[in-house]
Amino acid sequence: MVVRCPPPAMCFYSKLKGSGGKCRTCLVEISKGSEKDPRPMPKLQASCRTTVMDGMEVKNITSPKVIDARAGVVEMLLINHPLDCPICDQAGECHLQDLSYEHGKAGTRYEFQRRTFKKHSLGDYIQLHMTRCILCYRCVFAADQLTDSREHGILDRGDHSEIATLIEKNLKHDFIGNVIDVCPVGALTDRTFRFKNRVWFTKPVDAHRGCEKCCGEVQLWMRGDEVFRVTARKDEWGEVKEASNGKTGWICNECRFEKKHINDWVIEGPSKIDRHSVIAQGHYVGRVKPNETVEEVMDGVKPRIFLKIHDVSEVNKPSVDLSLIEGPAHSNDFITTNH
């Protein structure tokens, strides 16, 4: 079977057993069941839960039924999901953002008040924005399969369902930080990275270190020499990929949250980014730097800097590391004297 344009997936995750079949974004039309039974299936099928048969013919974006169904699913997902992309840390790498751009509509028919929840801190490193959650259950499966004792899950039913911990417990397992990587929206965010930078301003590079807990192979999100964020490496489908040493690609909390200095890592090189992603802007691999034309015009004399902004102003101090600031950067982090 040749897959030219894979269906979108918001809940299915091949590395998590039991995932899939909940978001309904991967609906496809099966025009031919198999060679033995060529009859088409009467209804649209969730591709993540449908068994592949020999000779099966599947219509994806070529089917008007599929396009209409996905538009309805996106409209349902956005009923309660807030459109706060300008302030969301997931902007630029949000699967729901891509899905709404490809299959969403310009307007909404929903006229009632949206569902809202209070923000919760699930420990020292994870922030929960339940208002953004689409109940894909990925984080529940990840916590259940990667940790010894799961302390969070789904509470209540229907439109009152929410991701929550038992009696406000914190999530402290060494691998609990992976729930951030599997979340397709901005419901679970890294508290050490919140409001520090935008992903399209950072440059992802592959790096590794000797770690006794996990594979130690990660992706560093850097700006200059500052490490703003550490995540697991992703494959072309946006899932955590296996490490080169044969271990699983899940990383521990020490690598993810505590190793934020460039000296902690061995840099392998720039990560390969899909050119269609907004993260790929200004991210060129294998480029050739042109010759400095100013030096050629001036017979080899390098240009002089007449004024350094740091000599006359305390704004944008080079000694301040934004990645190490607790919370959003404020003017007090740059200006120490009264003007």
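I started with an open sheet of 3 strands, whose order is 4-5-8 and whose pairing is antiparallel. The edges of this sheet are strand 4 (120-121) and strand 8 (188-190), as each pairs on one side only. The model is a predicted one.

Next I looked up the pairing of strand 4. Its partner, strand 5, covers residues 126-128. The two run in the antiparallel sense, and I noted 2 bridges between them. I also wanted to know which residue stands opposite Ser121. That residue is Gln127, in strand 5.

**Helix 2**

I then turned to helix 2, residues 95-103. Which of its residues are buried? I listed Leu96, Leu99 and His103. Looking down the axis of helix 2, I found these buried residues within an arc of 60°, so they line one face of the helix. On the face turned away from that buried side I noted two exposed residues, Tyr101 and Glu102. I also checked what covers the buried residues of helix 2. The cover includes helix 1 (64-77).

**Gly107**

I followed the chain on to Gly107. Its place is in the loop between helix 2 and strand 4. Is Gly107 buried or exposed? Its relative accessible area is 52%. Gly107 and Glu75 are 32 residues apart in sequence. In space, C-alpha to C-alpha, I got 9.2 Å for Gly107 and Glu75.

**The whole chain**

Last, I took totals for the protein chain. I counted 7 helices and 12 strands. The C-alpha atoms fill a box of roughly 75 × 55 × 50 Å along the principal axes. The chain has 339 residues, and 42% of them count as buried.

For the surface, I noted an accessible area of about 20,800 Å². Carbon and sulfur atoms hold 51% of that surface.

How many side chains are positive, and how many negative? I have 49 positive and 47 negative in the protein chain. The centres of the two sets lie 4 Å apart.

Note on methods:
Residues numbered from 1 in each chain as written. Predicted model: local features only at pLDDT ≥ 70, side-chain atom pairs only at ≥ 80, totals over all residues. Heavy atoms only, no water. Pairing = 2+ DSSP bridges. Helix = DSSP H or I, 4+ residues; strand = E, 2+ residues; numbered from the N terminus. Buried < 20%, exposed > 50% of the residue type's maximum accessible area, 1.4 Å probe, protein only. Arc of directions from axis to C-beta. Contact = heavy atoms within 4.5 Å. Areas by Shrake-Rupley, 256 points an atom, 1.4 Å probe, with all protein chains shown as cover. Lys, Arg positive; Asp, Glu negative; His and termini not counted. Charge placed at Lys NZ, Arg CZ, Asp CG, Glu CD.
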